[in-house]
Amino acid sequence: MTVGRDDMAWPDEGWGNIGRNPPGVTVPLPPRTAEDFLRHCFDAGVAAVLPDAALAHAALPAPLGRPWIVAIGKAAEGMARALEARLSARGTPVAGGLVIGAAGGGAVSPVLQHLVGDHPMPGESSFAASAALEQFVARLPLDAEVHVAISGGASSLVAGPREGVSALEVVETFARLHLAGTPIAEMNAARRRVTRWSGGRLAEALLPRPVHCWLISDVPGDDPATIGSGPCVTAPPSDLVTVTLVATNAMACTAAASAAGRVGAVQRIHPVPMTGEARDVGRQIAVEAMRAAQEWRRQNEALQEDGHGDAVRPLLLIWGGETTVTRGDGDGVGGRAQELALAAAEMLDISPLPITLLSAGTDGRDGPTDAAGAVVNQQSWSRLTALGNPGDALARHDSHRALDQIGALIRSGPTGTNVMDLVLVVVGWDAARDAT
């Protein structure tokens, strides 16, 4: 993506400048406002981990049979399309396959069976998808080469019960884990105990066919056994199963930083993935952003005093990872990215310097809402206070309705990938633009 003139705008087709859905918000390039800048960087981060980009340079193995595809997760449709294109270009067109995605995932080729499961809570569609996978594996030729594409959301989308477990037990397990705000690694460990295809059981069912598993990671640490609850990670490992990680949150962070650099901003990626309660992390990030803003002001005042005002640059701070929300008795509507943004807004209310923060899920959907996340600044809390009681909204986990009142929500639609969340903070945007 190149930088154009001030009057240039790139169509975002619904996702900022990612470029695939029907027309929506358009982010101008170069960005004019702090919010434009953050959205531009976020979109660049997401674009870098879309299935086409993720699989474009993946090394395909030598053909071992006629290829078939199994794709499960929020990126299932995109991964299936990308794999089909790569395999066809290799000279081995896909014989067939099964794709199990989330609502809004898009179309796949007619040679692939396509189902939609339930997310974030499993239901009848997930159980039907699990049964369809059982039938697919039973009919699969023994000389098939199977390419399995797994992305975030797979655990729920195909959450059929394993033998000896009821469908009700599966639903109750998922509900208990969500309500408690359980970290994803612990959550998927519990899911593996009750669901049919997790914990290596998909790969085991596919053997002795060769299995190539391609992963887009939605978990801190990128452990293949945790991504999608590890359907292709067997114990002990099998020589017939290869597992390849093709997209991660770190890649999205790096791409967001590169996009910031191309428009003249300094970048700083936080080295430790975000984890913990969303509201606590939001407050911590706001405090760190205020410290960075003070440091930025001191450094750039010195530059201006030395006659180097044209060297002033905005600073982008980048965090990646996934927080949790422990709902307890809260009856509100929201998600972890929105709750993080609302908590950060409360803390930023005391900032003497302009700070703008974007918090959003790379999958385009934050919790059971129509928003990916939100953008707030040091004025957001006072605007919310003028309309009601944002502290009460935060206590009740009602971030969605609160932030919607001030137009802070990012409604991007499903992106077709999922590598957890990004939090981007810019300081010095307007001052840097004024200086140049």
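**Figure 1. The whole chain.** The protein chain folds into 15 helices and 14 strands, where helices (H or I, at least four residues) and strands (E, at least two) are DSSP runs numbered from the N terminus. Its radius of gyration is 22 Å, close to the 22 Å that the globule rule gives for 436 residues, so the chain is as compact as a globular protein of that length. For this comparison, the radius is taken over C-alpha atoms, and the rule is 2.2 Å times the number of residues to the power 0.38. This is a predicted model, in which local features need pLDDT of at least 70 and side-chain atom pairs count only at pLDDT 80 or more, while totals for chains, interfaces and linings use all residues. Residues are numbered from 1 along each chain as its sequence is written, and side-chain values use heavy atoms, with hydrogens and water left out.

Along the principal axes, the C-alpha atoms fill a box of roughly 75 × 50 × 40 Å. Of the 436 residues, 55% count as buried; buried means under 20% relative accessible area, exposed over 50%, and partly exposed in between (1.4 Å probe, protein chains only). The chain exposes about 17200 Å², with carbon and sulfur atoms supplying 54% of it; these areas come from the Shrake-Rupley method with a 1.4 Å probe. Among contacts with a separation of 6 or more, 77% are between residues 24 or more positions apart, a contact being heavy atoms within 4.5 Å.

**Figure 2. The largest pocket.** Here you can look into a pocket with a volume of about 750 Å³. On a 1 Å grid over the protein atoms alone, a pocket is an open set of points with protein on both sides within 12 Å along at least five of seven lines, a cavity is a set where a 1.4 Å probe fits but cannot get out, and lining residues have an atom within 4 Å of a point. Grid points are joined across faces, edges and corners, and a volume is the space filled by probe spheres set on the points.

The lining of the largest pocket has 36 residues, and Pro120, His178, Met187, Arg336 and Gly367 lie nearest the centre. Helices H5 (154-157), H6 (167-179), H7 (184-192) and H11 (336-348) each supply at least two lining residues; H7 gives the most, with 4 residues. By class, the lining divides into 9 nonpolar, 17 polar and 10 charged residues. Ala, Val, Leu, Ile, Met, Phe, Trp, Tyr, Cys and Pro count as nonpolar, Asp, Glu, Lys and Arg as charged, and the others, Gly among them, as polar.

**Figure 3. The second largest pocket.** This pocket has a volume of about 440 Å³. Its lining has 25 residues, of which Ala34, Ile355, Thr356, Asn377 and Gln378 lie nearest its centre. Helices and strands both take part: among the elements that supply at least two residues each are helix H1 (34-48), helix H10 (278-305), strand E11 (355-361) and strand E12 (373-377). The lining comprises 14 nonpolar, 7 polar and 4 charged residues.

**Figure 4. The cavity.** The structure holds 1 cavity of 30 Å³ or more, and about 90 Å³ of space lies in the largest cavity. Residues that line it include Ile72, Ile150, Trp197, Leu202 and Pro231. Its lining has 7 nonpolar, 5 polar and no charged residues.

**Figure 5. Thr362 and its surroundings.** Thr362 sits in the loop between E11 and E12 and is buried, at a relative accessible area of 0%. Beyond its neighbours within four places in sequence, Thr362 contacts Phe42, Val46, Thr415, Thr417, Asn418, Val419, Met420, Asp421 and Leu422. Arg396 is 34 residues away from Thr362 in sequence and 25 Å away in space, C-alpha to C-alpha.

**Figure 6. Two cis peptide bonds.** The bond from His119 to Pro120 is cis, with omega near 5°. Pro120 belongs to the loop between strand E5 (112-116) and helix H4 (124-139), and you met this proline among the residues nearest the centre of the largest pocket. Ala235 and Pro236 are also joined by a cis bond, with omega about 0°; Pro236 lies in the loop between strand E7 (211-216) and strand E8 (241-247).

Figure 7. Asp222 is not a glycine, yet has a positive phi of about 60°. Asp222 lies in the loop between E7 and E8 and is partly exposed, at 22% relative accessibility. His397, not a glycine either, has a positive phi of about 60°. The loop between helix H13 (390-395) and helix H14 (399-405) holds His397, which counts as buried at 6% relative accessibility.
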